[in-house]
Amino acid sequence: MNEMTKKQLQATACRVRMGVIEGTYHAKSGHPGGSLSICDTLTYLYFAKMHVDPKQPEMADRDRLVLSKGHCAPALYSVLAERGFFSKEELKSLRHIGALLQGHPCIHIPGVDMSSGSLGQGISAACGMALAAKTDNSFYKVYTILGDGEIEEGQVWEAAMFAAHYQLDSLVAIVDNNGLQIDGKITDVCSPEPIPEKFEAFGWHVIPMDAHDFDSIEAAFAEAETIVGKPVAIIQTSVKGKGVSFMENQVGWHGKAPNETEYQQAMAELTTQLKELEG
Amino acid sequence: MAEVQKKATRESYGEALRDLAEKYPDLVVLDADLAAATKTGIFQKAYPERFFDCGIAEANMMGVAAGLATAGKIPFASTFAMFAAGRAYEIVRNSIGYPHLNVKIGATHAGISVGEDGATHQCNEDIALMRTIPGMTILNPADDVEAKAAVEAAILYKGPVYLRFGRLAAPIFNDPQTYQFTIGKGLTLREGTDLTLVATGLMVSEALKAAELLEADGISVRVLNIHTIKPLDTELICQAARETGLLITVEEHSVIGGLGGAVAEAVTSCCPVPVVRIGVNDEYGHSGSAVDLLKEFGLCSDNIAAVAQKAFSEKK
């Protein structure tokens, strides 16, 4: 990836992170930690990869994305707003009564391809979309993002079995391996590891990825496109809370909104990062 | 008089899917390793490329159906009622109901008439569960003719539909030449003024027989066939409440939360009259032949007539 493109993507991802902080701060609730860990991946997908059109959010041949870890809706909403699906002002009323942006993704929001939030379900819907593409000989891709804690849900493995059986090679599942879930480290709670080996055993092609390095992200999605006859699992190593110093790798920031002071500090840090990237 | 023909509505379901496939090219069928029992195997044989076995994984099947629906397909996700409404309840609620997707759930082997398999497979709770999902339509056809019509009505309706079918062969009493099915519109099968039997599914033909028995005793009985549990035909039910003053609901389902519950809720606000609910009481079933079980649980014309007679005698 050339430096210019990379800097642009990094700057966009930084703005997406600011949207996450903006949204959760105004909502006074929500999930900043896991939202911040997927911002670079979402930015790459919506700004450099996916065939989508904010003017036609339901375009039949668009690429789809199902946020299976639906509690990280602030990141999805922020990237969709940044891409022009709706006004960034909407982020300020996230989770408010009467607002467009619900606490978890809702299919009626422009750009949101599937309602999600009850963990383990999004990947099944993504399988259905990929199956429809296959039966219709359509070429759209279906991306779904799962949490590493989320894969403790049994339904994920029902879907994993199904996707391999039907050779859903338009399906790319991204597992956000930030190592933390609500009750603590995933390895302490009820370990889903080893993650790559599990997907391999279920018949998937597995690609490791550094979730905060656009060269690694680009390479992973490029490799995914070459795979025929198998679904692809990208296991991304990420940092929960990435981009905001005091949130990084802190389990306490899984489902807690920043207060006024924390909001100011987070925005100041992200503004500094953005200035450096744009400077 | 020729012997009444019988067919299980699950069989009607499989045949209808096959017969409607050409007319509706977006129709696809999913099953969870029960195609031989749910009768979707009939469709599979004719249209293998539009049939997807999901294996014994009902939660994923419902989610896959949701995804297919977002892409314009009309998926029929089939399994036993126990697993469709029970095991997969939360997936149906969140991945199908909440986004209001165009998924049809073909639930077979509903009720006590599953028979020998016993309590684990006798689902008497599915209507109650599905009724609580906002925007869910629930169809419970009574015979072959109605079941086939219900399948096509479900295809033509855009939104989630739960279709309930039985394992046991049911008498065919509707005329395929004249029968008209409209979602949400109940049918008056018999006029009467003393009381109304409000029946659904397998119990409609039993209610008709019970009406004959009661008529012989001089009681004028109205019989309603409520094939759509949701949205309920409150107009027809409230009219019956006003005109006959006594409703007796009959269903092969728990007396909690099914047709009886829905009817009681409706008349409470429009015309409060006594509502006597016949169904499976708050208990589990057990093994036995379907016919023996239906008799034991009071889901037969003799018991319906007896309960109705008692209720009528207590009517003011």
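Predicted model: local features only at pLDDT ≥ 70, side-chain atom pairs only at ≥ 80, totals over all residues.

Colleague: Which hand does the disulfide of B:Cys238 and B:Cys270 have?

Modeller: Look at the torsion about the S-S bond. For B:Cys238 and B:Cys270 the value is about -95°, so the disulfide is left-handed.

Colleague: Which helices of chain B hold B:Cys238 and B:Cys270?

Modeller: The pair links distant parts of the chain, 32 residues apart. B:Cys238 is in helix H10 (residues 234-244) of chain B, and B:Cys270 is in helix H11 (residues 259-270) of chain B. The helices are therefore H10 and H11 of chain B.

Colleague: Is B:Cys270 buried or partly exposed?

Modeller: Buried means under 20% relative accessible area. B:Cys238, at 6%, counts as buried. B:Cys270 has 33%, so it is partly exposed.

Colleague: What do the buried residues of H10(B) pack against?

Modeller: The buried residues of H10(B) are B:Leu236, B:Ile237, B:Cys238, B:Ala240, B:Ala241 and B:Thr244. After the helix comes B:Gly245, with a positive phi near 70°. The packing partners of the buried residues are strands S9 (187-190), S10 (195-199), S11 (221-225) and S13 (247-254), and H11 of chain B.

Colleague: How do H4(B) and H6(B) run, roughly parallel or roughly antiparallel?

Modeller: Two packed helices are described by the angle between their axes and the distance between the axes. The axes of helix H4 (residues 58-70) and helix H6 (residues 89-97) of chain B come within 9 Å and cross at roughly 10°. Angles under 35 degrees count as roughly parallel. So H4(B) and H6(B) are roughly parallel.

Colleague: How many nonpolar residues are in the contact of H4(B) with H6(B)?

Modeller: H4(B) brings B:Ala59, B:Met62, B:Gly63 and B:Ala66. H6(B) brings B:Ile91, B:Val92, B:Ser95 and B:Ile96. Two residues of the contact are polar and none is charged, while the nonpolar ones number six.

Colleague: How much area do chain B and chain A bury between them?

Modeller: The size of an interface is often given as the accessible area lost when the parts come together. Here 22 residues of chain B are in contact with 26 residues of chain A. Carbon and sulfur atoms carry 60% of the buried area, which is about 1900 Å².

Colleague: How far apart in space are B:Gly279 and B:Glu252, C-alpha to C-alpha?

Modeller: B:Gly279 sits in strand S14 (residues 275-280) of chain B. B:Gly279 is buried, at 6% relative accessible area, and its contacts include B:Glu251 and B:His253. B:Gly279 and B:Glu252 are 27 residues apart in sequence, and their C-alpha distance is 5.6 Å.

Colleague: Which peptide bond involving B:Pro231 is cis?

Modeller: B:Pro231 is in the loop between strand S12 (228-230) and H10 of chain B. Omega is near 0° for the cis bond, which runs from B:Lys230 to B:Pro231.

Colleague: And chain A: which peptide bond involving A:Pro194 is cis?

Modeller: A:Pro194 lies in the loop between helix H7 (186-189) and helix H8 (195-201) of chain A. Omega is again near 0°, and the cis bond runs from A:Glu193 to A:Pro194.

Colleague: Is A:Asn137 buried or exposed?

Modeller: A:Asn137 is in the loop between helix H5 (122-135) and strand S2 (142-147) of chain A. Its phi is positive, about 55°, although A:Asn137 is not a glycine. With a relative accessible area of 62%, A:Asn137 is exposed.

Terms used:
Residues numbered from 1 in each chain as written. Chains lettered and ligands numbered in written order. Heavy atoms only, no water. Axes fitted to C-alpha atoms, helices over the stretch in contact; angles between N-to-C directions. Helix = DSSP H or I, 4+ residues; strand = E, 2+ residues; numbered from the N terminus. Parallel < 35°, antiparallel > 145°, perpendicular 65-115°, else oblique. Contact = heavy atoms within 4.5 Å. Nonpolar A, V, L, I, M, F, W, Y, C, P; charged D, E, K, R; others polar. Disulfide = S-S within 2.5 Å. Buried < 20%, exposed > 50% of the residue type's maximum accessible area, 1.4 Å probe, protein only. Buried area = accessible area lost by both parts, 1.4 Å probe. Lists of a residue's contacts leave out its neighbours within four places in sequence.
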